[in-house]
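Work through the exercises below with the sequence and the model at hand. Each task is followed by a solution in steps.

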Amino acid sequence: MSGGAEFSIEEREAGGQRLLLSGPYLVSSIGAIDQDLDTLSGEIAEIDLSGVSEIDTVGAWIACRIARTHGSDIVGASERAQRLLKAVDAAGRGEYQEPPGLAWWQPIPAKTGEMVEKAQIGTVGVLDFLGQILIAVWSLLRQPSRFRWTAFVRQIELVGVSALPIIGLMSFLIGIVIAQQGAVQLEQFGAEALTINLVGRITLRELGVLMTAIMVAGRSGSAFAAQIGTMKLTEEVDAMRTIGISPVEALVIPRTLAAVIMMPLLGFYASVMAIIGGAVVGDLLLGIPFWTFLTRIEEVVPTYDLWVGLIKAPVFGLIVALAGCYHGMQVRGNSEEVGLRTTMAVVSAIFAVIVLDAFFAVFFTEVGWG
């Protein structure tokens with residue numbers, strides 16, 4: 001045991017035993033005698049550390065453990081050893097206390113208050129994010145050469161062109177469902193021909209743009225949050241700031257502008273595909289010729305129904321893009337946060353789109369476009 005941690009026991013004149021510790025009491029050297037120290041018996045009145053050459057937290061913890069077990073006093077400790085012993089002893093004597101529980105009526109108000117506080121923090125964060133976007137837009141208006149056309153065209157492709165197949169298929173099937181279910185109900189009144197009115201108005205005015213916004217939120221909004229969130233974790237956003245590039249100009253503006261521009265086009269495309277789906281059902285099930293169905297659409301659907309959908313579309317695109325970019329920029333900590341923020345981006349975007357759609361419905365009815 002030479003050169004390592006050692007101990008010996010001697011009898012005291014005043015009675016009891018003295019435990020003499022010597023050598024380095026470090027985590028790397030104490031393992032050889034740890035079990036021997038645990039099996040000490042008899043009345044140990046003192047623990048003498050004057051022979052200890054070095055000591056770390058583990059050595060101090062061993063000494064305090066023996067002192068508590070045998071009710072011993074620690075003597076001969078150096079100034080450094082005394083500091084370690086004091087800190088370890090204070091930590092070792094701490095007792096865990098159960099947090100006070102809530103009364104039976106408190107959890108719901110407490111949870112409500114927590115949600116209100118989170119809503120307040122989120123609102124302030126969104127306003128701050130909008131302020132950053134406005135500053136970036138003003139900067140780009142003053143220096144148009146800084147606008148990233150390559151990134152913008154790429155986002156146009158991702159948000160718009162790549163979404164055509166899935167949005168077209170979804171809208172076509174929705175048109176089939178609306179026409180089939182509407183015809184079943186209208187047949188009871190002998191008004192199957194009004195299926196054309198139903199399909200045309202509901203797709204151009206509401207469902208075409210609304211379902212497109214939901215699809216874009218799930219497809220592109222989530223991608224925005226995941227892409228920017230991953231860049232936050234890998235510190236690419238911080239690196240952009242370091243070299244003088246604004247992350248809002250480089251990441252947020254191209255995505256937001258692409259969503260705003262492509263949403264009206266995608267919404268109109270979705271409405272057309274839904275009408276074609278309805279025309280197919282009319283031709284196969286109702287005996288209405290395909291081209292007659294399309295011709296009647298022009299006659300029975302007011303022009304303002306088309307304008308209602310086209311006016312709502314860019315607003316929905318703005319909401320979806322802002323939700324995705326905002327939650328992506330809020331990613332902190334670890335990869336789990338990316339998934340959480342991506343989910344929050346989709347949910348908040350869809351919720352905001354539906355709420356705004358309700359306000360638009362009331363507004364356009366009040367202005368005579370009902």
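The exercises cover strands, salt bridges, the nonpolar core, the surface, backbone angles and distances.

The model is predicted, so local features need pLDDT of at least 70 and side-chain atom pairs count only at pLDDT 80 or more, while totals for chains, interfaces and linings use all residues. Residues are numbered from 1 along each chain as its sequence is written, and side-chain values use heavy atoms, with hydrogens and water left out.

**Exercise 1. Strand pairing**

Task: Determine how β2 is joined to β1 and to β3.

Solution. Step 1: Take strands as DSSP runs of E with at least two residues, and helices as runs of H or I with at least four, numbered from the N terminus. Two strands pair if DSSP finds at least two bridges between them.
Step 2: β1 (residues 6-11) and β2 (residues 17-25) run antiparallel and are joined by six bridges. Phe-7 has Leu-21 in β2 as its bridge partner.
Step 3: Five residues separate β1 and β2 in a hairpin, and Gly-15 in the turn has a positive phi of about 105°.
Step 4: β2 and β3 (residues 44-55) run parallel, with eight bridges between them. Gln-17 stands opposite Ile-44 in β3.

**Exercise 2. Salt bridges**

Task: Find the salt bridges of Glu-46, Asp-34 and Glu-114, and place each pair in the chain.

Solution. Step 1: Apply the criterion: a side-chain nitrogen of Lys or Arg within 4 Å of a carboxyl oxygen of Asp or Glu. Over the whole structure this search finds 15 salt bridges.
Step 2: Glu-46 pairs with Arg-18, with the closest N and O atoms 3.1 Å apart. Because Glu-46 lies in strand β3 and Arg-18 in strand β2, the pair ties together parts that are 28 residues apart in sequence. Glu-46 is buried at a relative accessible area of 16%, where buried means under 20%, exposed over 50% and partly exposed in between (1.4 Å probe, protein chains only). Glu-10, Arg-18 and Glu-46 are linked in a network of salt bridges.
Step 3: Asp-34 and Arg-65 meet in a salt bridge at 3.2 Å, N to O. This pair links distant parts of the chain, 31 residues apart: Asp-34 is in helix α1 (residues 34-38) and Arg-65 in helix α2 (residues 57-70). Asp-34 is partly exposed at 23% relative accessibility, whereas Arg-65 is buried at 19%.
Step 4: Glu-114 and Lys-118 form a salt bridge with the closest N and O atoms 3.3 Å apart. Both lie in helix α4, four residues apart, about one turn of the helix. Glu-114 is partly exposed at 35% relative accessibility, and Lys-118 is exposed at 54%.

**Exercise 3. Nonpolar core and surface patch**

Task: Describe the largest nonpolar core and the nonpolar surface patch that includes Val-126.

Solution. Step 1: A nonpolar core is a set of buried Ala, Val, Leu, Ile, Met, Phe, Trp, Tyr and Cys residues joined through side-chain atoms within 4.5 Å.
Step 2: The largest one has 45 residues, and those with the most contacts inside it are Phe-129, Ile-133, Leu-251, Ile-253, Met-263 and Phe-316. Helices that each supply at least two residues of this core include α4, α7 (195-233), α11 (303-329) and α12 (335-366). The most comes from α9, with eleven residues.
Step 3: For the surface, patches use residues with over 30% relative accessible area and no salt bridge; like charges are joined within 9 Å, and nonpolar side chains (Val, Leu, Ile, Met, Phe, Trp, Tyr) within 5 Å. Areas come from the Shrake-Rupley method with a 1.4 Å probe, and for residues only the protein chains shown count as cover.
Step 4: Val-126, Leu-127 and Leu-130 make a nonpolar patch of about 230 Å². Val-126 is found in helix α4 (residues 107-142) and is partly exposed at 34% relative accessibility.

**Exercise 4. Cysteines and backbone angles**

Task: State how many disulfides the structure holds, and describe the phi of Glu-235.

Solution. Step 1: With a disulfide taken as a pair of cysteine sulfur atoms within 2.5 Å, the structure holds zero.
Step 2: Cys-64 is buried at a relative accessible area of 4%, and Cys-325 is buried at 0%.
Step 3: Most residues other than glycine have a negative phi. Glu-235 is not a glycine, yet its phi is positive, about 65°.
Step 4: Glu-235 is in the loop between α7 and α8 and is exposed, at 52% relative accessible area.

**Exercise 5. Sequence and space**

Task: Compare separation in sequence and in space for Ile-354 and Ala-213, then for Ala-223 and Arg-18.

Solution. Step 1: Ile-354, in helix α12, is 141 residues from Ala-213 in sequence and 9.4 Å from Ala-213 in space, C-alpha to C-alpha.
Step 2: Ala-223, in helix α7, is 205 residues from Arg-18 along the chain, and their C-alpha atoms are separated by 70 Å.
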